[in-house]
Amino acid sequence: MNLISKTLTLGLVLAAGVALAQDATVASVIARKELMRGQGGAVKVLGDMAGGKAAFDAGAAEAARAKLAGHASGIAAAFEPNEADPASKAKPEVWTNWADFVSKADALVAAAKAMDTATVEGVQAGMAGVGGACKDCHTSFRM
């Protein structure tokens, strides 16, 4: 699967997750869904540029990269409360395999921080790491 297909797939997965995430009632679950929604927005901006759906803008790419890195840095804290909510898509393994979960969150932070937003080619290359980190975590820890 090429980078554009991966980017579009990731965008669709994130958009579907946002659409399904509307009915949370537990405050900590609402907060983590908002965190993920913010990440999804940043990934969409970057993915659209990487895939040619939006014109490349180095300033906007850097702002989205910084937003993604900042949100990703808050993943562990957002998921630390192990609270149930029917609207949550988090698997119990988040808390039973906490060290792996945090490691995967840290991998997203590293991928976001490593992205070169000076050129569209840098964003394209960086999206491979970001998409891989998102997929790795969601495969293990999201229903």
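**Reading the assignments in an all-helix predicted model**

The model is predicted; its protein chain has a mean pLDDT of 88, and 85% of the residues reach 70 or more.

Me: What is the secondary structure of the protein chain, and what pattern does the chain follow along the sequence?
Reply: The protein chain has seven helices and zero strands. Read along the sequence, the pattern is α-α-α-α-α-α-α.

Me: Why is the pair of Trp 98 and Phe 101 called tilted?
Reply: Rings pair if their centres lie within 6.5 Å, and planes under 30 degrees apart would count as stacked, those over 60 as edge-to-face. The centres of Trp 98 and Phe 101 are 5.5 Å apart and the planes stand at 35°, so the pair is tilted. By this rule the count comes to three aromatic pairs. Ring pairs join Phe 79, Trp 98, Phe 101 and Phe 141 into a cluster.

Me: Where do Trp 98 and Phe 101 lie?
Reply: Both residues belong to helix α6, which covers residues 98–114. Trp 98 and Phe 101 are three residues apart, about one turn of the helix.

Me: What makes Trp 98 partly exposed, and is Phe 101 buried or exposed?
Reply: Buried means under 20% relative accessible area and exposed means over 50%. Trp 98 has 26%, so Trp 98 is partly exposed. Phe 101, at 3%, falls under the 20% limit and therefore counts as buried.

Me: Is Lys 104 buried or exposed, and how do you know?
Reply: Lys 104 has a relative accessible area of 12%. The limit for buried is under 20%, so Lys 104 is buried. Lys 104 lies in helix α6. Not counting residues up to four places away in sequence, Lys 104 touches Asp 136, Cys 137, Ser 140 and Phe 141.

Me: How do you know how many disulfides the structure has?
Reply: A search of the whole structure finds zero disulfides. The sulfur of Cys 134 has its closest cysteine sulfur in Cys 137, at 8.2 Å, whereas a disulfide needs sulfur atoms within 2.5 Å; the distance is therefore too far for a bond. Cys 137 is in no disulfide, as the nearest cysteine sulfur is that of Cys 134.

Me: Are Cys 134 and Cys 137 buried or exposed?
Reply: Cys 134 has a relative accessible area of 8% and is buried. Cys 137, at 13%, also counts as buried.

Me: Which residues have the most contacts inside the largest nonpolar core?
Reply: They are Leu 46, Ile 75, Phe 79 and Val 130, in a core of 31 residues. At least two residues of this core come from each of α2 (27–50), α3 (58–73), α4 (75–79), α5 (93–96), α6 and α7 (120–141). Helix α7 gives the largest share, seven residues. Leaving aside neighbours within four places in sequence, Leu 46 is in contact with residues including Ala 61, Leu 68, Met 115, Val 123 and Met 127.

Me: What share of the protein chain counts as buried, and what share of the contacts joins residues 24 or more positions apart?
Reply: Of the 143 residues, 38% count as buried. Among contacts with a separation of 6 or more, 73% are between residues 24 or more positions apart. The chain exposes about 7,100 Å², of which carbon and sulfur atoms supply 61%.

Note on methods. Residues are numbered from 1 along each chain as its sequence is written. This is a predicted model: local features need pLDDT of at least 70, side-chain atom pairs count only at pLDDT 80 or more; totals for chains, interfaces and linings use all residues. Side-chain values use heavy atoms; hydrogens and water are left out. Rings of Phe, Tyr and Trp (its six-membered ring) pair if their centres lie within 6.5 Å; planes under 30 degrees apart count as stacked, over 60 as edge-to-face and the rest as tilted. Helices (H or I, at least four residues) and strands (E, at least two) are DSSP runs, numbered from the N terminus. Buried means under 20% relative accessible area, exposed over 50%, partly exposed in between (1.4 Å probe, protein chains only). Contact means heavy atoms within 4.5 Å. Accessible areas come from the Shrake-Rupley method with a 1.4 Å probe; for residues, only the protein chains shown count as cover. A nonpolar core is a set of buried Ala, Val, Leu, Ile, Met, Phe, Trp, Tyr and Cys residues joined through side-chain atoms within 4.5 Å. pLDDT is the predictor's confidence in each residue, from 0 to 100.
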